[in-house]
Amino acid sequence: MENIRKFFAIPIEEIFNQILGVAPVGIILCDPKGECIYVNRFWCEMTGLNEGESIKHGWMDAIHPKDKNQIVEAWNSFVTGNTPFRKNFQFLRPNLIVTWVRASATVLYDSHGKAIGFLGCVMDISNLQLKEL
């Protein structure tokens, strides 16, 4: 991280914001309770939800009804520390377009090792799923 600070003449927070804006994956940040506090532009494109609609547990509204119970249960288990979160499932956008995604999440820790939230990444795998069908 120190190398990044030395190389760039802008604050690390600005670099982070630019990465979030350009990374071709959906990114979700959650608080220690597992409630969404931020999603990036690609997340919104994949889910059909805007940032405001995704906040707290609103992001779960994008999960296809067929997958919702399983994914919500897996997320809750992950947040309570029982299991890793790596899942393939479907988003159902309000315009009824289905997007297959591969999601993974990790715990975020502060400098003292205390869990302070969660970071999730969601990649569109629709083309891969269609090839398998």
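**Entry 1: the cavity.** I began with the lining of the largest cavity, which consists of Ile28, Trp43, Trp59, Trp75, Phe85, Phe89, Ala103, Ser104, Ala105, Gly120, Cys121 and Val122. Strands β3 (85-92), β4 (98-109) and β5 (115-124) are the elements that each give two or more residues to this lining. My note on the term: on a 1 Å grid over the protein atoms alone, a cavity is a set of points where a 1.4 Å probe fits but cannot get out, and lining residues have an atom within 4 Å of a point. I found about 80 Å³ of space in the largest cavity, and a search of the whole structure gives 1 cavity of 30 Å³ or more. Volume here is the space filled by probe spheres set on the points, with grid points joined across faces, edges and corners.

**Entry 2: ground rules.** The model is predicted, so local features need pLDDT of at least 70 and side-chain atom pairs pLDDT 80 or more, while totals for chains, interfaces and linings use all residues. Residues are numbered from 1 along each chain as its sequence is written, and side-chain values use heavy atoms, with hydrogens and water left out.

**Entry 3: the whole chain.** I looked up the secondary structure and got 6 helices and 5 strands; these are DSSP runs numbered from the N terminus, helices (H or I) of at least four residues and strands (E) of at least two. Along the sequence the pattern reads α-α-β-β-α-α-α-β-β-β-α. Of the 133 residues in the chain, 38% are buried, meaning under 20% relative accessible area with a 1.4 Å probe, protein chains only.

**Entry 4: aromatic rings.** Next I checked the rings of Phe, Tyr and Trp (its six-membered ring), which pair if their centres lie within 6.5 Å; planes under 30 degrees apart count as stacked, over 60 as edge-to-face and the rest as tilted. The count comes to 9 aromatic pairs. Tryptophan 75 and phenylalanine 78 make a tilted one, 5.3 Å centre to centre with 50° between the planes. Both lie in helix α5 (residues 65-79), 3 residues apart, about one turn of the helix, and both are buried. One aromatic cluster takes in Trp43, Trp59, Trp75, Phe78, Phe85, Phe89, Phe91 and Phe118.

**Entry 5: alanine 23.** I found alanine 23 in the loop between α2 (12-22) and β1 (26-30). Alanine 23 counts as buried because its relative accessibility is 15%. Leaving aside neighbours within four places in sequence, alanine 23 is in contact with Asn40 and Phe42, contact being heavy atoms within 4.5 Å.

Key: Buried means under 20% relative accessible area, exposed over 50%, partly exposed in between (1.4 Å probe, protein chains only). On a 1 Å grid over the protein atoms alone, a cavity is a set of points where a 1.4 Å probe fits but cannot get out, and a pocket is an open set with protein on both sides within 12 Å along at least five of seven lines; lining residues have an atom within 4 Å of a point.
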